Amino acid sequence: MQVFDYEVKDPLGFHARPAAKVAQASIEFKSSVTLSSNGKVANGGNVIQILQLEAKKGAVVHFEIEGPDEEAACTKIKDVLTKAEPRGRKVDILKIAFFGTKSYDRIFFSELSKDYGEGAYNVSIKYIKSRLTEETVDLAKGFDAICIFVNDEAPRSVIEKLHDYGVKLILLRCAGFNNVDYTAANECGMTVLRVPAYSPYAVAEHAMTIIQAANRRIHKAYNRVNDNNFRLGGLLGIDLHNKIAGIMGTGRIGVCMARICKGYGMTVIGWDAYPNKALEEEGLLTYVSKEELLQRADLISIHAPLIMGKGGTYHLIDDDAISLMKQNVMLVNTSRGGLIDVEALIKGLKANKFHAVALDVYEGEDENVYNDRSEDMLSNDIVARLTMFPNLILTSHQAFFTREAMQAIAAVTMENARNFNESLPYGQAEVK
């Protein structure tokens, strides 16, 4: 076990920023991290619990780190507590218009934004329920920055209005940026920062969860049992063991999915525009062409970014791709809806091509994402058409939605805001 004491010297106490940095450092390791102060105890990976220690200036925070990588975890945590950074703010308080606010956004962002002073994030957030569109962009007047999510819209027309209103920074609280015309933003001298990684485990675990639910018809079985119906007809699944998993896109999320598939006893093959040979060297997967992956895989999991234009990934899965797939293939998408041509998918489902399909995202989802449409008249029949198939499961763009991921999104977004305001390096967060 690694043990050390940290005396709080900051006038603000053990405030939001160090708490967030300790929490983010802690969840990178397998070892358990425990903090205690003032008779209270906190899980090192939980920023809310750390803040609830209420460690003021002069208090001593006791750290206990135990596990297989405890020394590395201890070194990292000490580093984030002592690392000094330059300062030089553009404005004293960065004013942010936070579009598409949900109650769960406030849990972390409100906690991290409440402190002001040296070393704090120094932001003021105005929460707006509406998502960003051409109709709502006027709500950004008077703000230095906006914060948006995957279903917000920032085409050139919106970017130009934001520029006219004096907005200098677009904060994406997600990894994808296909909904932002970043060329227009650059032309307007605006900075676009994203969250390049939050919890790849959250997304990969959800991908396996929903494809297994579709495979074993869990949604149908659940409803039957609730109706006191215990028959098994129509619930026949397929073993994943000894099958072939095809991972399309081998970034951090794709790698996590590959490891999960490996754990099921599957042979893993991968396709990526930029293959990571280290993954082959460790024996995790074997790279093949896109065509070979489509032809060989029993389970296809999509983890590629959505790139429009010639040579991009838009409609990566289309009629031609589906025609190459095995009969009774399984397909899961937790990346971006536009990667799959929804009309081609429906055609394949009607032709009984797939054993199981699981979608956390789908083409044309933007108006539905995170909204209650239960009392609305049907204006888009994509969901109705998809959900009529008994071998398909649809979830509401929720693959990212874990406590660890939400905490990481908030912490990285706030760090991006601070880096912009204090002219610090952006690293991989910058969209160019």
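Residues are numbered from 1 along each chain as its sequence is written, and side-chain values use heavy atoms, with hydrogens and water left out. In this predicted model, local features need pLDDT of at least 70 and side-chain atom pairs count only at pLDDT 80 or more, whereas totals for chains, interfaces and linings use all residues.

**Two loop residues**

His-15 lies in the loop between strand E1 (2-7) and helix H1 (16-26); helices (H or I, at least four residues) and strands (E, at least two) are DSSP runs, numbered from the N terminus. With a relative accessibility of 4%, His-15 counts as buried. The term buried means under 20% relative accessible area, while exposed means over 50% and partly exposed is in between (1.4 Å probe, protein chains only). Leaving aside residues up to four places away in sequence, His-15 touches Asp-10, Leu-51, Asp-115, Gly-119 and Ala-120, where contact means heavy atoms within 4.5 Å.

Thr-395 is found in the loop between strand E16 (392-394) and helix H15 (403-421). Thr-395 is also buried, with a relative accessible area of 16%. Its contacts, not counting residues up to four places away in sequence, are His-206, Ile-210, Leu-359 and Asp-360. Thr-395 and Leu-359 are 36 residues apart in sequence, yet 6.4 Å apart in space, C-alpha to C-alpha.

**Cysteines**

A disulfide is a covalent bond between the sulfur atoms of two cysteines. When a disulfide is taken as a pair of cysteine sulfur atoms within 2.5 Å, a search of the whole structure finds 0 disulfides.

Two strands pair if DSSP finds at least two bridges between them. Strand E10 (residues 244-248) runs parallel to E13 and is joined to it by 4 bridges, with Ala-245 standing opposite Leu-299. Strand E14 (residues 329-333) likewise runs parallel to E13, again with 4 bridges; the bridge partner of Ile-300 in E14 is Leu-331.

**Empty spaces**

Rolling a probe the size of a water molecule over the atoms shows where empty space is left. On a 1 Å grid over the protein atoms alone, a cavity is a set of points where a 1.4 Å probe fits but cannot get out, and a pocket is an open set with protein on both sides within 12 Å along at least five of seven lines; lining residues have an atom within 4 Å of a point. Grid points are joined across faces, edges and corners, and a volume is the space filled by probe spheres set on the points.

The second largest pocket holds about 420 Å³ of space. Its lining comprises 23 residues, of which Asn-178, Leu-306, Arg-336, Gly-338 and Asp-366 lie nearest its centre.

The count comes to 1 cavity of 30 Å³ or more, and about 40 Å³ of space lies in the largest cavity. Among the residues lining the largest cavity are Asn-333, Gly-337, Tyr-362 and Leu-359; Leu-359 is also one of the contacts of Thr-395.
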